[in-house]
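Here are a few notes to read alongside the model, for someone opening it for the first time.

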Amino acid sequence: MSSSSSTVEPILPPPDRNPEPPPREAHFARAHHHPPAGRRPPSRLADLAGLVDVHALALLRATVGIVFVGFGVLKLFPSASPAEQLAVDAATKMTLGLVPETVLLLSLAALETAIGIGLIVGRRLLRPALVAFFLHMGGVFSTLVLLPDAMWQPHSPAPTMEGQYVVKNVVLVAVCLVVAANEWGRRPRPRRTGG
């Protein structure tokens, strides 16, 4: 009786027709790889756009804050702000003339500067600054009704130069609406409980 021995040969995968190039060649191939039609390779402009996208809200806050600090500080110096008399006239009507003009101007200067600082710094100052901003904008836009002779051209629905100065604040309102939506839309952080 003969014993038959059989050997099992290992099954090898077929050879790769497109072997991976060595690391150095792979790097060279990627460096000279042309992107498909319609797609451009990353550029410095794309990097800048990505950076702006990441910091968009901080950029919006800072720019509006700088504008408010600038306009607020100008009101601390007599006749330095071209909007000074307009702001005083509107505030005088709102307070029924009970508050002296100097106090009104200094209050507006302090309010606008505080709003600007709150927007720039953010964190715990951001929410109070946003509330103050929207209240302040209510007063600003009320001048369109309180001071119609100064805001609108006679016999025309077109705003005067002062009226345009007020109307352009819709841009600032839109910016702060975006900032406020992000701030109030965030979920509160869970409180840590001691073990």
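The points below go through two helix pairs, one after the other.

1. Before anything else, keep in mind that this is a predicted model. Two packed helices are described by the angle between their axes and the distance between those axes, and the points below start from there.

2. Begin with α3 (residues 56-74) and α5 (residues 101-121): their axes come within 7 Å and cross at roughly 160 degrees. Angles over 145 degrees count as roughly antiparallel, so that is how α3 and α5 lie relative to each other. Their crossing is left-handed.

3. Who touches whom here? On the α3 side, the residues meeting α5 include Arg61, Val64, Gly65, Phe68 and Gly72. Among their partners in α5 are Ala109, Glu112, Thr113, Gly116 and Ile120. Sorted by class, the contact of α3 with α5 has 13 nonpolar, 4 polar and 2 charged residues.

4. Now turn to α3 and α9 (residues 169-185). The axes of α3 and α9 come within 10 Å and cross at roughly 135 degrees. The two helices are therefore oblique to each other, and this crossing is left-handed.

5. From α3, the residues Leu57, Leu60, Arg61, Val64 and Phe68 meet α9. On the α9 side sit Leu172, Val175, Cys176, Val178, Val179 and Asn182. The class count for the contact of α3 with α9 is 9 nonpolar, 1 polar and 1 charged.

Terms used
Residues are numbered from 1 along each chain as its sequence is written. This is a predicted model: local features need pLDDT of at least 70, side-chain atom pairs count only at pLDDT 80 or more; totals for chains, interfaces and linings use all residues. Side-chain values use heavy atoms; hydrogens and water are left out. Axes are lines fitted to C-alpha atoms, for helices over the stretch in contact, and angles run from 0 to 180 degrees between N-to-C directions. Helices (H or I, at least four residues) and strands (E, at least two) are DSSP runs, numbered from the N terminus. Angles under 35 degrees count as roughly parallel, over 145 as roughly antiparallel, 65 to 115 as roughly perpendicular and the rest as oblique. A crossing is left-handed if the near helix is turned anticlockwise from the far one by less than a right angle, and right-handed if clockwise. Contact means heavy atoms within 4.5 Å. Ala, Val, Leu, Ile, Met, Phe, Trp, Tyr, Cys and Pro count as nonpolar, Asp, Glu, Lys and Arg as charged, and the others, Gly among them, as polar.
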